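Visitor: I am new to this structure and would like a guided look. Could you show it to me, please?

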Amino acid sequence: MRPAIMATQIKAAPKVGMVSLGCPKALVDSERILTKLRADGYGLSPDYAGADVVLVNTCGFLDSAKEESLEAIGEAIAENGRVIVTGCMGNEADVIRARFPDVLAITGAHQMKPSFRRFMKRRHLHAVRLWIWCRKVA
């Protein structure tokens, strides 16, 4: 009889999908976010289906950019269901929440609410880490 072979199972790193909209500054912010996530051990997903959470980096400068951002959020929710919104339009959380109440988190410039952070730690730990980090680079 052969001895049982024990294999160590390595848990797959959470994967993040990213949608980046807006100006060159927003693109740089998205690149910084992705670089930090990779350094922290997160994987990146090229599509919605493979992502544990989707981060939508929005633009809120023009009305047309706001509408494009809202469309991108809607698409990410429809395709994945687990969405964090950041970027310029994050400052208009009421508009986003009215249209998409299931968004996990919305962050704009310099926002971080302790009560929300406690709630998210209990339910979506990897989303919280992402949310907190996004505020550090803004």
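Guide: Glu 92 counts as partly exposed, because its relative accessible area is 23%, and buried would require under 20%. Please keep in mind that this is a predicted model.

Visitor: Which side chain does Glu 92 meet in a salt bridge?

Guide: Its partner is Lys 66, with a distance of 3.0 Å from N to O. The two residues are 26 positions apart and link distant parts of the chain: Lys 66 belongs to helix α2 (residues 63–79), while Glu 92 sits in the loop between β4 (83–87) and α3 (93–99).

Visitor: What does Glu 67 pair with?

Guide: Glu 67 forms a salt bridge with Arg 99, at 3.4 Å from N to O. This pair also links distant parts of the chain, since Glu 67 is in helix α2 and Arg 99 in helix α3, 32 residues apart. Glu 67 is partly exposed at a relative accessible area of 33%, and Arg 99 is partly exposed at 41%.

Visitor: How many salt bridges are there in total?

Guide: The count comes to 4. Another of them joins Asp 40 and Lys 36, whose closest N and O atoms are 3.2 Å apart. Asp 40 is partly exposed, with 43% relative accessible area, and Lys 36 is partly exposed as well, at 30%.

Visitor: Let us change topic. What is the overall pattern along the sequence?

Guide: The chain follows β-α-β-β-α-β-α-β-α-α, which is made of 5 helices and 5 strands. Of its 138 residues, 40% count as buried. Among contacts with a separation of 6 or more, 61% are between residues 24 or more positions apart.

Visitor: Tell me about α1. Which of its residues are buried?

Guide: They are Ala 26, Asp 29, Ser 30, Ile 33 and Leu 37. These residues cover an arc of only 100 degrees around the axis, so they lie on the same side of α1.

Visitor: Which exposed residues are on the face turned away from that side?

Guide: That face carries Pro 24, Lys 25, Thr 35, Arg 38 and Ala 39.

Visitor: What span should α1 have, and how far apart are its end C-alpha atoms?

Guide: Helix α1 covers residues 24–39, which is 16 residues, so at 1.5 Å a residue it should span 22 Å. Its end C-alpha atoms are 23 Å apart, which agrees. After α1 comes Gly 41, with a positive phi near 95 degrees.

Visitor: Where is Lys 15 found?

Guide: Lys 15 is in strand β1, residues 15–20. Lys 15 is partly exposed, at 40% relative accessibility.

Visitor: What does Lys 15 touch?

Guide: Leaving aside residues up to four places away in sequence, Lys 15 touches Gly 43, Leu 44, Ser 45, Gly 50, Ala 51, Asp 52 and Val 53.

Visitor: Finally, what is the mean pLDDT of the chain?

Guide: The mean is 79, and 71% of the residues reach 70 or more. Over residues 110–124 the pLDDT is below 50, and this stretch has 23 contacts in the model beyond near neighbours in sequence.

Methods:
Residues numbered from 1 in each chain as written. Predicted model: local features only at pLDDT ≥ 70, side-chain atom pairs only at ≥ 80, totals over all residues. Heavy atoms only, no water. Helix = DSSP H or I, 4+ residues; strand = E, 2+ residues; numbered from the N terminus. Buried < 20%, exposed > 50% of the residue type's maximum accessible area, 1.4 Å probe, protein only. Contact = heavy atoms within 4.5 Å. Expected span 1.5 Å × (residues − 1). Arc of directions from axis to C-beta. pLDDT = per-residue confidence, 0-100.
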